[in-house]
Amino acid sequence: MIELEQVSYGYGGSTLLSDISMKLAPGSFHFLTGPSGAGKTTLIKLCYAELTATRGRVSLFDQDTQQMSRDDVARARRRIGVVHQDCQFLDHLNVAENVSLPLTVSGRSLEHPSELDDLLAWVGLTPQRDAKPPELSGGERQRAALARAVVMSPDVILADEPTGNVDWDMSLRLLRLLVELNKMGKTVLIATHDMNLIRSAKAQIQARVLRISNKQLHQAGADL
Ligand SMILES: Nc1ncnc2c1ncn2[C@@H]1O[C@H](COP(=O)(O)OP(=O)(O)OP(=O)(O)O)[C@@H](O)[C@H]1O
C-alpha cells in the first residue's frame, strides 16, 4: 500500500530521518514510536506525500510518487485517511459538517445520507452531531477526527497520536475503533508514545512496532 525505500528527510539542511525503509502491506497494523521530536509526524507526512523525500523512493499503491502526476498523487491521497495530531476543525461548522468535509471538498457525496449517521454512531457522536467543535471534549474531538479520516472509505489509515490528551478508557475506545477498521481490511499505522496502548493492541491483533531512534527506523523487539 505504502512503501518507503531508503528514504531520507530533513528540515533546513539537517537530516532528521536517514535511510528509512518500510512497507505497509495491505491489512497490516503498525505502531510507530520514538522519542518526542524523533520524526514520527514527519514520517507520516512522507507516507501520504505531504512531504517529498530528499533521498530515496516513496511508493503509494505500487506507484512511485516521483513518476506520479499531481492528479495521481491527489487520487492516491484520497485512499489514505489521516488523523492529524492537532485535530483541527472548522469552528463555524458542526460535527456532522466537519466530518463530511473531505467529501464536500472533493465534490463527492455518500451513497446514502444515513451513512453519515452510521459513522457518527460508530464513533459515539450521535448526540454531538449538531455541536460546534469548541463544545467538544478532547475524546470527542479525537473521535470526530477519526470519523473524518474514514468518511471517504480509505484503504489506509494513518493516525498521529490519536489518543493524545485523553484518559485511558477513551484511549482504549479509540484503539477499539482502529482495530475494528483493521479487521474490516484497512491498513493501519498509529504513531504513539503510549506503550500500554501498544501492549493492549498486541493482545487483540497482530501488530508490528516500528521505532525511530537516531534518525533510523527499527523494528521493535519483544521488549513490549
Ligand atoms: N516544518 C518544520 N520546519 C522545521 N522543523 C520542523 C518542521 N516540522 C517539524 N520540525 C522539527 O523536526 C523534528 C521532528 O518533528 P516531528 O513532529 O516529526 O517529531 P515527532 O516524533 O512527531 O514528535 P512528537 O512526538 O513530539 O509529536 C522536531 O525537531 C521538529 O521541531
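Is S213 buried, exposed or partly exposed? S213 is partly exposed, with 13 other C-beta atoms within 10 Å, where a residue is called buried if 20 or more other C-beta atoms lie within 10 Å of its own, exposed if 12 or fewer, and partly exposed in between, the C-beta atoms being placed from the backbone. This is a predicted model, in which local features need pLDDT of at least 70 and side-chain atom pairs count only at pLDDT 80 or more, while totals for chains, interfaces and linings use all residues. Residues are numbered from 1 along each chain as its sequence is written.

**Confidence and overall form**

- The mean pLDDT of the chain is 92, and 98% of its residues reach 70 or more, pLDDT being the predictor's confidence in each residue on a scale from 0 to 100.
- For the model as a whole, the scores are ipTM 0.96 and pTM 0.93.
- The chain holds eight helices and 10 strands, which are DSSP runs numbered from the N terminus (H or I with at least four residues for helices, E with at least two for strands).
- The radius of gyration of the chain is 17 Å, which agrees with the value near 17 Å that a compact globule of 224 residues would have; this radius is taken over C-alpha atoms, and the globule rule is 2.2 Å times the number of residues to the power 0.38.
- The C-alpha trace spans about 45 × 40 × 35 Å along its principal axes, and 36% of the 224 residues count as buried.

**Strands and sheets**

- An open sheet is formed by four strands in the order β2-β1-β4-β5, with antiparallel pairing, where two strands pair if DSSP finds at least two bridges between them.
- Because β2 (17-24) and β5 (63-64) stand at the edges with a single partner strand each, one side of each is left without a neighbour in the sheet.
- Within this sheet, β1 (residues 2-9) is joined to β4 in the antiparallel sense by five bridges, and the bridge partner of L4 in β4 is V58.
- Strand β6 (residues 80-83) runs parallel to β7 (residues 156-160), with four bridges joining them, and V82 has L158 as its bridge partner in β7.
- In a regular strand the side chains alternate between the two faces of the sheet.
- In β6, I80 and V82 point one way and G81 and V83 the other way, and all are buried.

- The residues around the ligand are Y11, G12, L16, G34, S36, G37, A38, G39, K40, T41 and T42, each counted as near if its C-beta atom, placed from the backbone, lies within 6 Å.
- This shell has three nonpolar, seven polar and one charged residues, with Ala, Val, Leu, Ile, Met, Phe, Trp, Tyr, Cys and Pro counted as nonpolar, Asp, Glu, Lys and Arg as charged, and the others, Gly among them, as polar.
- S213 lies in strand β9, and beyond its neighbours within four places in sequence it is in contact with G34, A38 and H218, a contact meaning that the C-beta atoms, placed from the backbone, lie within 7 Å.
- The C-alpha atoms of S213 and T33 are separated by 8.9 Å, although these residues are 180 residues apart along the chain.

**Positive phi angles**

- A49, in the loop between α1 (40-47) and β4 (55-60), has a positive phi of about 60° although it is not a glycine.
- K215, in the loop between β9 (208-213) and β10 (216-219), has a positive phi of about 75° and is not a glycine either.

Terms used. Two residues are in contact if their C-beta atoms, placed from the backbone, lie within 7 Å.
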